[in-house]
Amino acid sequence: MKRIFGIVIPSALGIIIFILAWGMAFAGPSPQAKYVGAKKCMMCHYKQYKTWQKTSMSKAYKLIANESDKGKCYKCHTTGYGQPGGFKDPASTPALEGVQCESCHGPGSEHMAVDMTNKVKKRATIVVVPTDCSKCHNPHVRDKAAAARAK
């Protein structure tokens, strides 16, 4: 038995598994991962889904006021826009409208593919992707839409 960062590792194989898992936690999603949408997450994470539904993030897509400029707003008002398997347009990817779970947790297809018995400690395949919220919430960029809503 060995201790690594306070965690008891029982064997050499355990050490290898620990190192691989530790590396995955910072590697981010694989290139094959696809976005699945919050309704798929809801199947197991109902409480979190209901909480998210009450936030402005869930309504972000509907908050776009000017229909003709909607395409310019996709980056901040949808999930995975510009990423493989992410939001493309409302006709082909309506399940990814709004800022959803995968905006922070990364694409969920690989997590969904893992059998429930293998989802150790409820987080086995979910990677919390370091998200820079300031890409959309930036106090140095003038938000014309927010100014228009305030009037």
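A disulfide is taken here as a pair of cysteine sulfur atoms within 2.5 Å. In the predicted model examined here, the structure holds one such link, which joins Cys 76 to Cys 136 with an S to S distance of 2.4 Å. The torsion about the S-S bond is -95°, and the link of Cys 76 and Cys 136 is accordingly described as left-handed. The two partners belong to distant parts of the chain, with Cys 76 in helix H4 and Cys 136 in the loop between helix H6 (109-113) and H7, 60 residues apart. Cys 76 is partly exposed, with a relative accessible area of 25%, and Cys 136 is likewise classed as partly exposed, at 37% relative accessibility.

Further cysteines were examined against the same criterion. Cys 73 takes part in no disulfide, and the nearest cysteine sulfur, which belongs to Cys 76, is 8.3 Å away; at 22% relative accessibility, Cys 73 counts as partly exposed. For Cys 101, the closest cysteine sulfur is that of Cys 41, at 4.0 Å, which is too far for a bond. Cys 101 is also partly exposed, its relative accessible area being 24%.

The largest nonpolar core comprises six residues, namely Tyr 35, Tyr 61, Ile 64, Tyr 74, Phe 87 and Leu 96. In soluble globular proteins, nonpolar side chains tend to be buried together. When residues up to four places away in sequence are not counted, Tyr 74 touches Tyr 61, Tyr 81, Phe 87, Lys 88 and Pro 90.

Aromatic contacts were considered next. A pair of aromatic rings is described by the distance of the centres and the angle of the planes. The structure holds six aromatic pairs, one of which is formed by Tyr 49 and Trp 52 and is tilted, with 5.5 Å centre to centre and 45° between the planes. Because Tyr 49 and Trp 52 are three residues apart in helix H3 (residues 46-53), they are separated by about one helical turn. Tyr 49 counts as buried, at 8% relative accessibility, as does Trp 52, at 16%. Tyr 74 and Phe 87, by contrast, form an edge-to-face pair, with 4.8 Å centre to centre and 70° between the planes. Tyr 74 lies in helix H4 (residues 70-77) and Phe 87 in the loop between H4 and helix H5 (102-105), so this pair ties together parts that are 13 residues apart in sequence.

The mean pLDDT of the protein is 75, and 62% of its residues reach 70 or more. Confidence is highest in H3, at a mean of 95, and lowest in helix H7 (residues 144-150), at 49. Over residues 22-26 the pLDDT falls below 50, and this stretch has two contacts in the model beyond near neighbours in sequence. The pLDDT is also below 50 over residues 147-151, a stretch with one contact in the model beyond near neighbours in sequence. Where pLDDT is low, the predicted coordinates should not be read in detail.

Definitions and conventions
Residues numbered from 1 in each chain as written. Predicted model: local features only at pLDDT ≥ 70, side-chain atom pairs only at ≥ 80, totals over all residues. Heavy atoms only, no water. Core = buried A, V, L, I, M, F, W, Y, C linked by side-chain atoms within 4.5 Å. Buried < 20%, exposed > 50% of the residue type's maximum accessible area, 1.4 Å probe, protein only. Contact = heavy atoms within 4.5 Å. Phe/Tyr/Trp six-rings, centres within 6.5 Å; stacked < 30°, edge-to-face > 60°. Helix = DSSP H or I, 4+ residues; strand = E, 2+ residues; numbered from the N terminus. pLDDT = per-residue confidence, 0-100.
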